[in-house]
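Below are some notes to read with the model open beside you.

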Amino acid sequence: MPRNWAHSQLPHPPGRRPVIGDLATIFRGDTRKPVQNALRTSGPLGPIYEIKVFRGKVVIVRDAELAAELCDESRFEKKLAPGVQALRETAGDGLFTAYTHEPNWRLAHDLLRPAFTREAMKGYHQTMVDAADELIALWDRSDRPVPVSPNLTKLTLETIGRTSFSKDFGSFSRDGQDPFVPAMARCLKRGQVRGAFAALPFGGALLRRGRQPYLDAKAYIDALIDDIIAERLASHDTSQEDLLGLMLHAAHEETGDHLDRLNIRRQIITFLVAGHETTSGALSFAMYYLATNPQVRAKAAQEADAILGPDPDSVPTFEQVAKFRYIRRVLDESLRLWPTAPGFARGPVKDTVLAGRYPMTTDDWCIVMSLAVHRDPKVWGDDPDTFDPDRFLPAAVRARPAHTYFPFGTGERSCIGRQFALHEAVLLLARACHRYDFAADPAYQLDIAERLTLMPDGFDLTMVRRTPRRQSEPLEMDQASRTA
């Protein structure tokens, strides 16, 4: 781990010990959930604090004002925190894991922006609809509670695979998984472990265990994607308007440069990882809050019925997706409480002083804990842990300070595919609210797994077909809904 804030001493958790530093504090409680432990215990430490583990130090910002300053692109830029840096072993200089100064980041960013314009999104809409049809058919056939996060991960993997390089993983049609899925899971787990071991003096030795299975998984993924690229090139087919086609044939409008084949592979891996993990998590949290807030679910169903009509098989058009404004607010509020990427790293472009009192050199970086900033009472009021979609009414959004809500990161390095993810998520949520009354087990308590992203764990829903109301019918809510 590189030198970080070597010149500064900041507040830190109580109980720091020689050599191991704050290691015991980080894992106090559930050792599988260090991010949630930090959210729960770091409030008394103030707006900015440090965690020291052996030779490494991480500085964490949990204050909205400091976070907003760190979002100033003229003074600060994206840095690679250890967890992201560790993923370079798999994704190299893909968009998410590249350093901003690497030439392929700028080239890929400029070439791929057209893939996420409104016009491009129209081309992806039917693919999203088709994948959602397969998930809905699965839910229609189910006579028992469905596992939400695994089902939604199948959906988002199929969507990104088909739109990225026209690959059908058969998630809903085959017995078992496509071999790509466990191979990718092994690579992501390796990155997670590598990031956790970055500060350990003996981390390298620990990483040697399990390296060969990782190398085998990575070789399988690389070969699969390289074969797809080679097959596309051999076909001389320039008509396929997926991301692979764009990367193979588009040239930079100013320099004429193309992405090389190695970087194309890395970009595909990046889109597969980022494009399905984050979206499935966002959808899962939104489904949880819809299922456990009857009044919210009733309003979402009313909006879906008003737009889609009485036919439960009605499918939103591309233009209609933007009209589900209440459902979009449900999604936004879910991402406020549980941004699937719980933080991002920032550092100065030149030596500076943060908030007039914290000196930072270009060697320094800090993690903006989105989980905490999204709950800062100065921005979100006295009840920041309460789920309330009306926080995202237009007037409320305009009244809030800038740079206080960032589930997709910030600035030029924010997620390039955020509109893709939002369109896919709203489309699926609208169809689910239109077609089903769904309920969670009343005994279920939200349990969040910390993988590459945050994801509800062990969350099942009972999906019951409903009859959509005609627009002229009044909205009737049960007693639980009226008193929620």
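**Notes on the sheet, the pockets and one arginine**

1. Strands β4 and β12 run antiparallel and are joined by two bridges. Within this pair, Val146 stands opposite Leu461 in β12. Strands here are DSSP runs of E with at least two residues, helices are runs of H or I with at least four, and both are numbered from the N terminus. Two strands count as paired if DSSP finds at least two bridges between them.

2. Before going further, please keep in mind that this is a predicted model, where local features need pLDDT of at least 70 and side-chain atom pairs count only at pLDDT 80 or more, while totals for chains, interfaces and linings use all residues. Residues are numbered from 1 along each chain as its sequence is written, and side-chain values use heavy atoms, with hydrogens and water left out.

3. Now the whole sheet: it is open, with three strands in the order β4-β12-β9 and antiparallel pairing. Its edge strands are β4 (146–147) and β9, each of which pairs on one side only. β9 and β12 (residues 460–465) pair over five bridges, in the antiparallel sense, and Phe438 stands opposite Met463 in β12.

4. Buried means under 20% relative accessible area, exposed over 50%, and partly exposed in between (1.4 Å probe, protein chains only).

5. Helix α2 (residues 34–41) has buried residues too: Gln36, Asn37, Ala38 and Leu39. These pack against α1 (23–26), β1 (48–53), β8 (366–369), α17 (370–373) and β10 (448–450). Contact means heavy atoms within 4.5 Å.

6. Of its 31 lining residues, Thr153, Gln177, Val181, Glu277 and Arg451 are the closest to its centre. α9 gives the most to this lining, with seven residues. By class, the lining has 15 nonpolar, eight polar and eight charged residues. (Ala, Val, Leu, Ile, Met, Phe, Trp, Tyr, Cys and Pro count as nonpolar, Asp, Glu, Lys and Arg as charged, and the others, Gly among them, as polar.)

7. On a 1 Å grid over the protein atoms alone, a pocket is an open set of points with protein on both sides within 12 Å along at least five of seven lines, a cavity is a set where a 1.4 Å probe fits but cannot get out, and lining residues have an atom within 4 Å of a point. Grid points are joined across faces, edges and corners, and a volume is the space filled by probe spheres set on the points.

8. By this rule there are three cavities of 30 Å³ or more, and the largest cavity has a volume of about 90 Å³. α13 gives the most to its lining, with three residues. That lining has seven nonpolar, three polar and no charged residues.
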